Amino acid sequence: MTIQTVDPRALRDAFGAFPTGVTVVTACDGDGNPIGFTANSFTSVSLNPPLLLVCLAKTSRNFAIMTGAQHFAINVLSETQKDVSNTFARPVEDRFAAVEWARGSAGCPIFSSVAAWFECAMEQVIEAGDHVILMGRIEAFDNSGRNGLGYARGGYFTPTLASKAVSAASEGNMELAAVVERRGEVLLLGEDVLSLPSVDAHDGSPTEALQKYLETLTGLKVSIGFLYSVYEGKSDGKQHIVYHAVAGEGEPAGGRFLKPDALVAAKFKTSSTADIVNRFAMESSIGNFGVYFGDETGGTVHPIPAKDAKA
């Protein structure tokens with residue numbers, strides 16, 4: 001797509017292909033009241049001097065206060081804090097009532113249970129199109145050792161949970177499958193009976209094997225995203241691992257893209273496939289994804305690691 005014909009929505013979706021962490025940027029207004037907003041446009045800049053940056057939209061209701069602040073803080077959210085991210089991404093009046101926090105040495109709100117935090121002096125505010133770049137000089141920071149919350153393609157994911165699931169499932173007879181998405185449609189195989197594309201796993205990286213299979217099947221460029229389902233198939237004795245994936249442009253050589261919300265009356269190869277497609281239709285509509293653990297008859301969707309949630 002050339003710059004002359006760029007579609008802002010398509011460009012935003014393309015930016016979303018890059019997995020990021022999630023932060024809440026905080027500061028105080030002239031009366032000392034805390035303000036904050038969710039941002040994934042955080043980047044480390046320099047170790048010497050210690051600098052970082054975050055981008056702020058000029059349309060933000062926090063724009064005047066943030067660009068005039070002498071200090072601000074970056075709270076890198078942990079895997080247990082998806083609710084905090086959602087709270088500070090919405091126009092909630094008393095956002096800070098929903099989170100445990102304390103003031104840093106420069107007065108900025110610092111959240112509890114975050115993966116890391118940085119309190120900064122405002123170094124520079126840089127014009128950047130419809131945003132500004134807030135460059136901060138780090139004056140204090142802490143690293144808790146917790147894993148950060150991930151975000152990609154409009155949904156959250158939890159890296160620790162994903163790695164544990166794959167490790168556990170790979171000890172048995174394993175089948176890999178994918179919910180291959182493109183503009184809200186899902187790639188399905190079959191005519192009268194539909195199924196997800198799948199392949200038996202062997203030695204090596206599961207994601208590399210799945211990507212190779214999908215690209216051979218479709219003839220399209222495919223990017224493997226986050227883990228989506230892990231379940232035991234009682235009928236076939238296999239461990240099933242399902243990933244979210246995104247396909248590039250073009251007509252697929254194998255399979256076809258269908259809208260999941262239009263498949264209410266469709267017949268699927270297994271009840272598990274129907275459950276996965278239906279769950280994807282629901283979760284993609286709200287932008288919150290979890291990982292399913294269980295078997296063909298029942299299980300649980302885990303948005304966060306249970307162990308970390310108790311910490």
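At 31% relative accessibility, Ser-113 counts as partly exposed, a class that lies between buried (under 20% relative accessible area) and exposed (over 50%), with a 1.4 Å probe and protein chains only. Ser-113 sits in the loop between β8 (109–111) and β9 (116–128), and its phi is near 65°, a positive value in a residue other than glycine. Helices (H or I, at least four residues) and strands (E, at least two) are DSSP runs, numbered from the N terminus.

This is a predicted model, in which local features need pLDDT of at least 70 and side-chain atom pairs count only at pLDDT 80 or more, while totals for chains, interfaces and linings use all residues. Residues are numbered from 1 along each chain as its sequence is written, and side-chain values use heavy atoms, with hydrogens and water left out.

Arg-183 also has a positive phi, near 50°, and is a residue other than glycine. Arg-183 belongs to the loop between β13 (174–182) and β14 (185–188) and, at 62% relative accessibility, counts as exposed. In the loop between β4 (42–46) and β5 (51–57) lies Pro-49; a cis peptide bond, with omega about 0°, joins Asn-48 to Pro-49.

## Helix α5

Helix α5 spans residues 206–218, 13 residues in all, and reaches 18 Å from its first C-alpha to its last, close to the 18 Å expected; the expected span is 1.5 Å times one less than the number of residues. The buried residues of α5 are Pro-206, Leu-210, Leu-214 and Thr-218. They are on the same side of α5 because they cover an arc of only 70° around the axis, taken from the directions from the helix axis to the C-beta atoms. An α-helix has 3.6 residues a turn, so residues three or four places apart point the same way.

On the other side of α5, Glu-208, Lys-212 and Thr-216 are exposed. Just after the helix, Gly-219 has a positive phi of about 75°.

Leu-210, in helix α5, counts as buried at 0% relative accessibility. Leaving aside neighbours within four places in sequence, Leu-210 is in contact (heavy atoms within 4.5 Å) with Leu-176, Ala-177, Ala-178, Val-199, Ile-224 and Tyr-243. Leu-210 and Val-242 are 32 residues apart in sequence, and their C-alpha atoms are 9.7 Å apart in space.
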